[in-house]
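This report describes one protein chain for a reader who has not seen it before. Please look at the sequence and the structure first.

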Amino acid sequence: MLDACAALLDEGGYEDLSTTRVAERAGVAIGSVYQFFPDKRALSQAVTRRNVELFVARVGRRFITEDYEGWWDAVDAIIDEYVDMHRTVPGFRSLHFGDVVDLNLLDSVADNNTVIAGRLRALLLAEFGLADSEEMDRAILVAVEAGDAVLKLAFRHDPNGAPEIVTEAKLLVRGYLSRQLRV
């Protein structure tokens, strides 16, 4: 059902999504959809949660399998994963990390980008031994917010993400973090 939802989101966006269409696409009875998801919002939230978990897993896998000269290369790898998922993961480009449906989808207190920033912060701390601090938390959150906005711009008019704008997102995040973290 989630795969069907993701495909329909890519085809028509959130506004065109319905539980009936998801049931038809998934080849299940509408009652089966309602057994797990009360409405299209719940379906979209489940797709977004799945995408977030996939994103964090993919970034974590890269951190394990690739060697980075420094945190700046890791930041590029994080952005590269976001771009690749935007291009290849059904439902990702329609929902990103839930901003279309619910800004507090992943946590009832923190907005989605704050949750993402926390997970990326943990990966960067574990991998590079950066000093943990409130300044680090704030810097990573601002970098995630800024990077997210610029990457959305990259995909606004180019379905594959305008490469020059993706490059600018990397430069922006690297430059900002270099100044804020003094590394």
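Is aspartate 76 buried or exposed? Aspartate 76 has a relative accessible area of 15%, so it is buried (buried means under 20% relative accessible area, exposed over 50%, and partly exposed in between, with a 1.4 Å probe and protein chains only).

The model is predicted: local features need pLDDT of at least 70, side-chain atom pairs count only at pLDDT 80 or more, and totals for chains, interfaces and linings use all residues. Residues are numbered from 1 along each chain as its sequence is written, and side-chain values use heavy atoms, with hydrogens and water left out.

**The chain as a whole**

The chain has nine helices and zero strands (helices are DSSP runs of H or I with at least four residues, strands are runs of E with at least two, and both are numbered from the N terminus). Of the 183 residues in the chain, 46% are buried. Contacts (heavy atoms within 4.5 Å) between residues at least 6 apart in sequence join residues at least 24 apart in 62% of cases.

**Helices H5 and H9**

Helix H5 covers residues 71–88 and helix H9 covers residues 163–181; they pack at an angle of about 145 degrees, and their axes are 10 Å apart. Axes here are lines fitted to C-alpha atoms, for helices over the stretch in contact, and angles run from 0 to 180 degrees between N-to-C directions. On the H5 side, the residues making the contact include Trp71, Trp72, Asp76 and Ile79, and on the H9 side they include Val166, Lys170 and Arg174. By class, this contact has nine nonpolar, one polar and five charged residues (Ala, Val, Leu, Ile, Met, Phe, Trp, Tyr, Cys and Pro count as nonpolar, Asp, Glu, Lys and Arg as charged, and the others, Gly among them, as polar).

Aspartate 76 belongs to helix H5. Leaving out residues up to four places away in sequence, aspartate 76 touches Lys170 and Arg174.

**Another charged residue**

Arginine 58 is part of helix H4 (residues 40–65). Beyond residues up to four places away in sequence, arginine 58 touches Glu81, Asp84, Met85, Thr88 and Val89.

| Residue | Relative accessible area | Class |
|---|---|---|
| Aspartate 76 | 15% | buried |
| Lysine 170 | 18% | buried |
| Arginine 58 | 16% | buried |

**Aromatic rings**

Four aromatic pairs are found in a search of the whole structure (rings of Phe, Tyr and Trp, the last by its six-membered ring, pair if their centres lie within 6.5 Å; planes under 30 degrees apart count as stacked, over 60 as edge-to-face and the rest as tilted). One of them joins phenylalanine 36 and phenylalanine 37: the ring centres are 6.4 Å apart and the planes are at 55 degrees, so this pair is tilted. Phenylalanine 36 is exposed, at a relative accessible area of 53%, whereas phenylalanine 37 is buried, at 12%.

How are the rings of tyrosine 82 and phenylalanine 92 placed? Their centres are 5.3 Å apart and their planes at 75 degrees, so the pair is edge-to-face. Tyrosine 82 is in helix H5 and phenylalanine 92 in helix H6 (residues 92–95), 10 residues apart. Both tyrosine 82 and phenylalanine 92 are buried.
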